Amino acid sequence: MKQNRLASVLTLLGILLLCVEGLEALAVESFFLQVDPLLPLLMALVCLLLCIGILRPKVFPLAVLVCAALVAVVWRLHSTDPAAEFNDLLDRISGLYYEHFYDASMPYVPTDNGIDHSFPVTLIFSLIALYLTLALSSHGGRMVYTLMGVLPLAIGCLAVNGDPEPMPLFALLLALCLTVIGGDWYNPDSARGRAAALALLPLILLLSVGLLLHGPDTYNYTEEDIRQSERFDKLGELLRGLIEQENTNADDGRTSLFERLLRSSAPDNWAISGERVDLTHMPDEDQNSVILRVTADADGILYLRRRSYGNYLGTGWSAGPTYSGQSSLGYAASAVAQQKNALTHTIQIELLRVLDDTLLPYYTPGNFKSDVACPSGGAEQYTQSFVTYPGSTGGLHVSFAFQSEELRYREYAGKTYTELPESTRQAALAILSAAGIRAEDSNVVEKVAEYVRGSAAYSQAVGPFPTEDYAIYFLQTASQGYCIHFATAATVLYRALGIPARLTDGFLVEVRSGQRIEVPLGQEHAWVEIYRDGFGWLPVDVTASTGHLDEPHETAAPEPSAVPTLSPVETAAPSTTPETAGAEPSVAPSSSAPELTPSAPPQTASDNGGGTSATENNSEQASAVGAPFWIVLGILLLILLAYVASRLYWRIQISGTDTARAAIALHRLSVFSGITVPDVVRHTAEQAFFGRTPPDEEQLALSIEALQSAWTAHLESLSIVKQLLFRLKTGWIL
């Protein structure tokens, strides 16, 4: 019996820890909360105290008081303005939900105000721990109540996260599995379900250690893995199209699902779809065909980013490994958005051909699921907001909300985006040494860009190279090339120097304020992204001038600033004149770009009609949505506290040392639950009220058993909905 009881308590503690720690980690990650690193240890202590209270019901109120004291300690140590901390927490939650479910064109960027959320997170998750403790230890509805407390919170976080860390998700799934294994009825002296749970503990420990040592960010995907995933992608596209009934008639102007599947599998252009770039493939589609239309609110040059590629194959590029943490695409945008003189712009994009990925200008705030691309989901028309900064980005750093995640990603980028085949690395280092370019040079990025631009002439009529290493051949032998060759060569040189770099493709577009610009397929372009510590990915265009534009004056190579006015790359200017059909994309940038200023500041919903920054928009948007959330959450917390207090009242009345008082409380509880009072319960209560001697513990135990049996029989006669209501009414008491 003691072994069963110990196993039961250990199982309860394990499930409680998995639920609370998993939910806490998921919430902190999903809403960019700033908490003390020791918070998980504190929540583990709270769970332990509550389990001790369940094991010894007489000390349960004391355990709750000690937990409250721990919360008070966190309040004294970390909280300076509780109201502001709760308001900021709700602003983050409501702002992210607003962006995700209501208006994706208004991305929410948390303000870098240095607010510590340790106190509100501790208070909220202590209440959640109390709820789950009572749910897991209840005699009836154990699974139902636990699922009610875990699933809505987890789903709410995943709704705005979408790509969580594996460990919190694994912990929650494991906790739910153990809850089901443990059975619906909890009895500390019962062995049902506990033996199975304990038998699984070694396997659980092995899986946890394996996931920690070999997580998704360490997976090495082969070419066969990539091809297999592409097959599943095609199947998913087909199923999604069937569900959404996308195979519409041809006369409505939309492309049929069958045609879209065929198109997505065909190499229309060198990188227009898919997750690989083939350097040996020449574009065979009409470069004059219009692929999209864009309308911006200011004049300038836009680099519409589509996808990045991280794995150099010699004759092409593939996507490389998938980062399991928070996407890096929003890092630099957060650094730009928090500047006082940053400007917010909008662009409307109409796709005449549905692409796999969303076209995003630099720098677009938001929470992305991938650090290389943003899936389009089949969207054909959308409006996107982005921020620009007229100054140099040299002194900008990511906002406080992204600092810890940026450090993690920095380590990942330094390892992943510097990888090269050894033969390619040695050849690239020899080329750099001959050119006098060293990694410690202060202007090494500009030196590499200038060297690549001078390596060959830009030409749209270049055949496949007779080599298995296009980057080295282009730098040593080739006399001509186009944008993807220049970008490939530069990416390899940067990596050889230890600078994280990756190839990126998209469209280079010159826009005019309020005018709808048609973008032909020939304006597809490729450039390099390098990772700057503390900021994020910086675009660098290294393609040589084509002569389509006026040649620039003799000036020093500019710093690769990420956001000069509307154009995100200082080293490029487009040629929007399409070439003949079948030629390579005609947009080849010159080595300088005109300084662009919006013709009119973007209008927002403000009284003075002036432009506002993304942070101000986020604050207004989150505050508008946050106020009702604050009221609703307060009401829900009051209801939860009243409910928990009533459960505690009944349990104290029944489990006290005064058997007479407990017998009378059982009679009152029978009447309260709305069932016919069992005879044993009535007789025991009458003896307690009218008799000279109080009932003994055996009589009280019989009364409790009779009431439980009566409740079970009553539940079987109810419908599912009424069963749930009855469980809510009587749960956690016995």
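Predicted model: local features only at pLDDT ≥ 70, side-chain atom pairs only at ≥ 80, totals over all residues.
Me: Why is helix α2 called roughly antiparallel to helix α3?
Reply: Helix α2 (residues 39-55) and helix α3 (residues 60-78) pack at an angle of about 165°. Angles over 145 degrees count as roughly antiparallel. Therefore α2 is roughly antiparallel to α3. Their axes lie 7 Å apart.

Me: Which residues make the contact of α2 with α3?
Reply: From α2 come L42, L45, V46, L49, L50, G53 and I54. From α3 come F60, A63, V64, V66, C67, L70 and V74.

Me: How do you know which residues of this contact count as nonpolar, polar or charged?
Reply: Val, Leu, Ile, Phe, Ala and Cys count as nonpolar, while Gly counts as polar. The contact divides into 13 nonpolar residues, one polar and no charged.

Me: What makes β1 and β4 edge strands?
Reply: Three strands form an open sheet in the order β1-β5-β4, with antiparallel pairing. β1 (276-278) and β4 (311-312) each have a single partner strand, so one side of each is left without a neighbour in the sheet.

Me: How do you know that β4 and β5 pair?
Reply: A pair needs at least two bridges. Two bridges join β4 to strand β5 (residues 316-318), and the strands run antiparallel. N311 stands opposite S318 in β5.

Me: What makes β6 a partner of both β2 and β8?
Reply: Again, the cut-off is at least two bridges. Strand β2 (residues 290-296) and strand β6 (residues 343-351) have five, in the antiparallel sense. V294 has I349 of β6 as its bridge partner. β6 and strand β8 (residues 381-388) have eight bridges, also antiparallel. There, T346 is partnered by S385 of β8.

How values were computed. Residues numbered from 1 in each chain as written. Heavy atoms only, no water. Axes fitted to C-alpha atoms, helices over the stretch in contact; angles between N-to-C directions. Helix = DSSP H or I, 4+ residues; strand = E, 2+ residues; numbered from the N terminus. Parallel < 35°, antiparallel > 145°, perpendicular 65-115°, else oblique. Contact = heavy atoms within 4.5 Å.
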